[in-house]
Amino acid sequence: MSWQDHINKLMSSNALDGAAIIGLQDAKVYGISKDLSIGVYEALIKDENGEAKKCTANEAQILVDFCNKKGKVPVPPGIWINKKRYYLLNWRDESNVGYVKTNQGGACIAKTNKCVIVGVWSNAKIPSRNGGDCNKTVEKVAELFMKVNY
């Protein structure tokens, strides 16, 4: 299967708004759905005084660091996916999976031996979308990757 086939499989569940697979060693995007963007850009972050500060958000590297550091990333920039800021809900050591939240949605981020699998959901357009279905979908694909030592 190609990387795009794996993305198509993730998206076919209808539980996700977007999906990406990123290399754990090189932080390269191997596959990505059409409605998701993983990029590098300047982001405005409010500090503890409410003042906006510019910082560079390299989303692929942030996601790799997020997995390698078990959900902990430097602030700024924090956790960014698709030019949206996310906040850590939980990191599960036993499965190397993190759950993050943003307004009206969230994401599941799974670390395998060689890559990071990201699934993003939002109930803004499709109210029935939820974190539980997103998590199951991403975790199932991550388990398959782990079984073949990928």
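Buried means under 20% relative accessible area, exposed over 50%, and partly exposed in between, with a 1.4 Å probe and protein chains only. Helices (H or I, at least four residues) and strands (E, at least two) are DSSP runs, numbered from the N terminus. This is a predicted model, so local features need pLDDT of at least 70 and side-chain atom pairs pLDDT 80 or more, while totals for chains, interfaces and linings use all residues. Residues are numbered from 1 along each chain as its sequence is written, and side-chain values use heavy atoms, with hydrogens and water left out.

**Stop 1: helix α2**

Select α2, residues 59-68. The helix is mostly covered: seven of its 10 residues are buried. These are Glu 59, Ala 60, Ile 62, Leu 63, Val 64, Phe 66 and Cys 67. Now step just past the helix to Lys 70, where phi is positive at about 55°.

**Stop 2: the largest core**

A nonpolar core is a set of buried Ala, Val, Leu, Ile, Met, Phe, Trp, Tyr and Cys residues joined through side-chain atoms within 4.5 Å. The largest one here has 29 residues, and Ile 81, Ile 109 and Val 116 have the most contacts inside it. Colour the elements that give it two or more residues: β1 (18-23), β3 (40-46), β4 (52-58), α2 (59-68), β5 (79-81), β6 (84-92), β8 (105-111) and β9 (115-122). The largest share, six residues, comes from α2.

Centre on Ile 81. What does Ile 81 touch, not counting residues up to four places away in sequence? Contact means heavy atoms within 4.5 Å. Show Leu 36, Ile 38, Glu 59, Leu 63, Tyr 86, Val 100, Ala 107, Ile 109, Val 118 and Val 120.

A second, separate core has 17 residues; Ile 7, Leu 10, Leu 16 and Trp 121 are among them. In soluble globular proteins, nonpolar side chains tend to be buried together.

**Stop 3: Val 120**

Move to Val 120 in strand β9. Val 120 counts as buried because its relative accessibility is 7%. Setting aside neighbours within four places in sequence, its contacts are Leu 16, Asp 17, Gly 18, Leu 36, Ile 81, Tyr 86, Gly 106, Ala 107 and Cys 134.

**Stop 4: Pro 77**

Is Pro 77 buried or exposed? Pro 77 is buried, because its relative accessible area is 13%. Beyond four places in sequence, Pro 77 touches Ile 45, Cys 55, Thr 56, Ala 57, Ile 62 and Arg 85. Trp 121 lies 44 residues along the chain from Pro 77, and their C-alpha atoms are separated by 21 Å.

**Stop 5: α1 against α3**

Select α1 (residues 3-12) and α3 (residues 131-147); their axes come within 10 Å and cross at roughly 145°. Axes are lines fitted to C-alpha atoms, for helices over the stretch in contact, and angles run from 0 to 180 degrees between N-to-C directions. From α1, show Trp 3, His 6, Lys 9 and Leu 10; they meet Thr 137, Val 138, Val 141, Leu 144 and Phe 145 in α3. By class, the contact has six nonpolar residues, two polar and one charged. Here Ala, Val, Leu, Ile, Met, Phe, Trp, Tyr, Cys and Pro count as nonpolar, Asp, Glu, Lys and Arg as charged, and the others, Gly among them, as polar.

Stay in α3 and pick Asn 135. Asn 135 counts as buried because its relative accessibility is 18%. It touches Tyr 99 and Cys 108, not counting residues up to four places away in sequence.

**Stop 6: two asparagines with positive phi**

Most residues other than glycine have a negative phi. Select Asn 14, in the loop between α1 and β1. Its phi is positive, near 65°. Asn 14 counts as exposed because its relative accessibility is 53%.

Then jump to Asn 149, in the segment after α3. Its phi is also positive, about 60°. Asn 149 is exposed, with a relative accessible area of 53%.
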